[in-house]
Amino acid sequence: MNAADDKTIVREYFNSTGFDRWKRIYGDGEVNKVQLDIRNGHQQTVDTVLGWLKADNNLPELSICDAGCGVGSLSIPLAVDGAKVYATDISEKMVEEARDRAKQTLGNTENPTFAVQDLESLSGSYHTVICLDVLIHYPQEKADEMISHLCSLAQSRIILSFAPKTCALSILKKIGSFFPGPSKATRAYLHRETDGVKILESNGFSLQRQAMTKTRFYFSRLLEATRN
Ligand code: SAM
């Protein structure tokens with residue numbers, strides 16, 4: 001399958017069954033046990049990033065690009081804390097949901113600014129570029145290209161998360177929980193941390209902070225790198 005096919009499948013998934021599933025997981029309504037575990041794991045990843053950024057005590061001075069923002073789980077709290085957030089996602093449905101949630105939390109505001117856009121067509125320049133739990137949808141070569149592109153948009157810092165290859169077996173066993181039913185056609189790709197670090201370094205970035213979130217059904221390696 002080529003990368004264009006991957007992208008079309010991912011877009012269609014997150015505008016249909018994937019949207020319904022992830023909107024629930026990234027919400028606070030009733031979900032099944034597996035979904036609850038994934039919700040809690042994902043929230044830990046979001047909280048770790050928020051913790052790092054808040055500890056620096058300069059959020060109101062930062063412009064942040066949240067690439068593949070989903071329903072705004074990170075963008076909205078960042079905007080609440082004063083950062084200027086530009087948030088994009090390939091899925092119209094996810095962006096629509098993110099706008100609704102931002103309106104509920106922040107009222108009518110232009111921050112975050114949400115747009116339907118895929119990672120590759122993002123342009124501009126931001127202090128920090130963040131991309132959480134998106135690379136799982138792309139194979140290594142495509143992920144490398146995406147990371148390089150995101151680096152080119154980041155003035156100072158990039159924060160990425162991905163499902164690490166070391167947990168491959170456990171994840172493969174659970175893969176049905178990520179993409180259940182007919183939408184199993186949407187593959188989950190795992191990435192080696194060394195590959196991620198190498199591509200960040202080749203784009204002139206050095207690793208700063210890192211974290212791992214691991215619950216029963218959710219695995220996410222988080223890397224922060226800053227421009228040399
Ligand atoms: N980053 C969000 C978070 O952590 O809450 C959402 C994570 S969700 C698992 C993956 C998101 O990536 C989906 O909303 C999907 O539509 C989006 N996505 C997948 N491929 C993308 C691409 N090429 N460009 C932009 N967004 C993409």
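Helices (H or I, at least four residues) and strands (E, at least two) are taken as DSSP runs and numbered from the N terminus. The structure is a predicted model, in which local features require pLDDT of at least 70 and side-chain atom pairs count only at pLDDT 80 or more, whereas totals for chains, interfaces and linings use all residues. Residues are numbered from 1 along each chain as its sequence is written.

The protein chain contains 8 helices and 7 strands. Of its 228 residues, 39% are buried, a residue being buried if 20 or more other C-beta atoms lie within 10 Å of its own, exposed if 12 or fewer, and partly exposed in between, with C-beta atoms placed from the backbone. Contacts are assigned where the C-beta atoms of two residues, placed from the backbone, lie within 7 Å. Among contacts between residues at least 6 apart in sequence, 71% join residues at least 24 apart.

Helix 3 (residues 33–55) comprises 23 residues and reaches 32 Å from its first C-alpha to its last, close to the 33 Å expected at 1.5 Å a residue; the expected span is 1.5 Å times one less than the number of residues. Its buried residues are Ile 38, Arg 39, His 42, Thr 45, Thr 48, Val 49 and Leu 53. Against these residues pack helix 2 (17–25), strand 4 (126–131), strand 5 (154–162), strand 6 (205–214) and strand 7 (219–227). Helix 3 is followed by Asn 57, a residue other than glycine with a positive phi near 60°. Asn 57 is situated in the loop between helix 3 and strand 1 (63–67), and it counts as exposed because it has 8 C-beta neighbours inside 10 Å.

A positive phi, of about 55°, is also found at Asp 133, which is not a glycine. This residue occupies the loop between strand 4 and helix 6. Asp 133 is classed as buried because 23 other C-beta atoms lie within 10 Å. A further backbone feature is the cis peptide bond that joins Asn 111 and Pro 112, with omega about 0°. Pro 112 belongs to the loop between helix 5 and strand 3 (113–116).

Ser 91 is placed in the loop between strand 2 (84–89) and helix 5 (92–106). With 25 other C-beta atoms within 10 Å, Ser 91 is therefore buried. Neighbours within four places in sequence aside, Ser 91 is in contact with Arg 11, Phe 14, Asn 15 and Phe 19. Ser 91 and Gly 18 lie 73 residues apart in sequence, with a C-alpha to C-alpha separation of 10.0 Å.

The ligand is surrounded by 20 residues, of which the closest are Phe 14, Gly 68, Gly 70, Ile 90 and Leu 132. Helix 1 (residues 3–14) gives the most to the shell, with 3 residues. By class, the shell divides into 11 nonpolar, 5 polar and 4 charged residues, where Ala, Val, Leu, Ile, Met, Phe, Trp, Tyr, Cys and Pro count as nonpolar, Asp, Glu, Lys and Arg as charged, and the others, Gly among them, as polar.

Between helix 6 (residues 140–153) and helix 8 (residues 193–202), the packing angle is about 35° and the axes are 9 Å apart. Axes are lines fitted to C-alpha atoms, for helices over the stretch in contact, and angles run from 0 to 180 degrees between N-to-C directions. Gln 140, Asp 144, Ile 147, Ser 148 and Cys 151 of helix 6 meet Asp 195, Ile 199 and Leu 200 of helix 8. The residues of this contact comprise 4 nonpolar, 2 polar and 2 charged.

Terms used
A residue is near a molecule or strand if its C-beta atom, placed from the backbone, lies within 6 Å of it.
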